[in-house]
Amino acid sequence: MIYEPSALAVAVFLLFVGVTLAISFRLGAQAKSSQGYFAAGGGIPWFVNGIAFAGDYLSAASFLGICGMIAFYGYDGFLYSIGYLAGWIVALFVIAEPIRRLGKYTFADALDSRFNSRAIRLSAALSTLVVSLFYLIPQMVGAGALVKPLLGLPHWAGVSIVGAVVVLIVVTAGMASTTYVQFLKGSLLVLFSVWLTVLILQRGLAVDERYRASVGNPFAVQQTLRVTADGQRLVNGLPQGKGPGQADFFPVGHVSKLPDGQLETGPLGPIAFLRTLQQSEVVLWSSATTTELDGSRLTTYSQRAVPGSEILRPGNSPTFKGVRSDKLQDKLNFLSLMLALFCGTASLPHILIRYYTVKDQAAARKSTVVGIGSIGFFYILTLYLGLGAMTSGAIDVTNSNMAAPLLARSMGELLFAMISAIAFTTVLGTVSGLIVASSGAVAHDLAESFVREPLTDHEKIRIAKLAAVVVGVVAMALGILFEKMNVNFLVGWAFSVAASANLPSLVMLLFWKGTTRQGITAAILAGMVSSLAWILLSEDTFKDVYGLPPEQAWAPFSQPGIVTIPLGFLTVVVVSLLTRPPKREADTD
Amino acid sequence: MAGFHPATDTTPEAASPRRTRLGLWLFATYLALYSGFMALNAVAPERMEQTPWAGVNVAILYGMGLIFAAFVLAIMYEALCRRIDRQDREPGGDA
């Protein structure tokens, strides 16, 4: 779909960018020492940190990806919400207090607290970089998806703008500015999502005009996109555009039948909205792509009426089809993803370093409780936002990531401007957290390990800033390369790698005295390499990244967690047992 | 082989074994709820379609229940940790 840029949206967007940069420059003075740059001096109030957790965590994947998935497939997107939130239980009950107690600036600090091992620092830094890059890709893709309708700029421009602004935020004031940008973004995201949800409920549900008529078959209408061998895009047989002799996709997302023959419901309460939808019929669009003899690729979008009871049950999307499949592999794929979401949160480097920005364990715990409250509340709202988009008559059949902003546009230009700008700030907040985590790993863990002596504060910060620029540029390149993938799907992979590489060694370090430095190093490397290899050899990567037939994939199913997380635990136990110190030494440890 | 229990740390802000135990119990409680959700989806997905209350199906009720349960357990943990900290600070406490 071609989007008309909105002057109001541009103004709000520029205001948001201006405010975030002003915060960064104002806090720049706090980032002169390592403690200030990497951990905001440890002086962030717990409530601010808790909302900043939400700002850090509620990424483009949460906002754009989940809403898009619910809008296109129904309940399945909510499974991500449930899994993402459940992961905070591991963070609160198992990780929060120890990581604050044992660490200083990075995740490697905690892992290395008992050993002073160069190998642990190197492997933990490597894992931080890999996980951060995997997580950065969907954020950048989300940025590109947003800037298209907001500013009328191409995808690559959106990715580049986000990259440049975030690098500026991080380089200026490190964790202090990142925290306050995330606090601002977390607060605005939750508040405006509440507003949008209230409007969805006020609007209620209505049968679209075209499905009210008793003549003809409205479901027979299709939309097509042909991309010719020389790259020309034809929509419904005409060049894509808004001018004469051109055509563009029309917006979709309609109710075709309401219970008891109603044509519209009027305002509904939160429970009544779900109940009514359960008894209604909604038009969903699916796509099929074929390659023609002339080398062009034809994608046909077709509609079908789906009962609400089907939409509100799990297993409708390609990602979660395993729920309704008879194949064991498909079931394992589902369980594997849900396990990775559960274990992944407490293994994400940019989440873990947020525990160092508060003064003590109690503050770490309290901020996690605030984070769970705000994140959980937002995830409940995602169900309404997604279903609201599904029935808004405003969504783009070609781009699930745009469902939430287009839903807002159906409510009015001001709300669209605000939601788009907030979504853009959402990307800024998460990306800046990831870049701080990566630059900390490079400056504090990698660089010190290589020079084999402590760096001065000045040197460490200089290296961190340089690393922030490099990571930012790499993230921009990857964001452009992965333009077409659903952002939520990519985040699922980041969670799998994080959970496989980081969680086993962290948990075993905390709860098993027999853990050795070799065990920790081996577990990080085994978890990271095995999960990465699994992903690269999976069906989804073959299909969506390499463009190869999915049946050629080597991995038996796409999500690695159910194999690679236990492998990480097994590795730390076996290697620790094999490398444990002699009995006498162990006794005096 | 050493047993599975909180590792000793020598940093100024020490771990509280009681808080750790409490955290593990609450974690186990939530893990059971979450595992039940995964198992129900994987083994009996048709159960998720039933509408036991207010015309809303099990998938939504259980999913929202998990989100609420996380918040309730988190609040409970914070309240109990504060009590443990208070008791530990009292004369004769662990601290």
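This is a predicted model: local features need pLDDT of at least 70, side-chain atom pairs count only at pLDDT 80 or more; totals for chains, interfaces and linings use all residues.
On the H14(A) side the contact is made by A:Leu385, A:Gly386, A:Gly388 and A:Ala389, and on the H15(A) side by A:Ala403, A:Ala404, A:Leu406 and A:Leu407. By class, the residues of this contact are six nonpolar and two polar, with no charged residue.

Now to the partner chain, where the contact takes 48 residues from chain A and 41 residues from chain B. Several helices of chain A each supply at least two residues of the side that touches chain B, and H14(A), residues 361–390, is one of them, as are H5(A), residues 76–102, and H12(A), residues 328–344. The largest share of that side of chain A, 14 residues, comes from H5(A). The side of chain A that touches chain B divides into 31 nonpolar, seven polar and ten charged residues.

Finally, the chain as a whole: chain A contains 23 helices and six strands, and of its 589 residues 58% count as buried. Its radius of gyration is 24 Å, which agrees with the value near 25 Å that a compact globule of 589 residues would have. Among contacts in chain A between residues at least 6 apart in sequence, 79% join residues at least 24 apart.

Technical notes. Residues are numbered from 1 along each chain as its sequence is written. Chains are lettered from A and ligands numbered from 1 in the order in which they are written. Helices (H or I, at least four residues) and strands (E, at least two) are DSSP runs, numbered from the N terminus. The radius of gyration is taken over C-alpha atoms; the globule rule is 2.2 Å times the number of residues to the power 0.38. A residue is buried if 20 or more other C-beta atoms lie within 10 Å of its own, exposed if 12 or fewer, and partly exposed in between; C-beta atoms are placed from the backbone. Two residues are in contact if their C-beta atoms, placed from the backbone, lie within 7 Å. Ala, Val, Leu, Ile, Met, Phe, Trp, Tyr, Cys and Pro count as nonpolar, Asp, Glu, Lys and Arg as charged, and the others, Gly among them, as polar.
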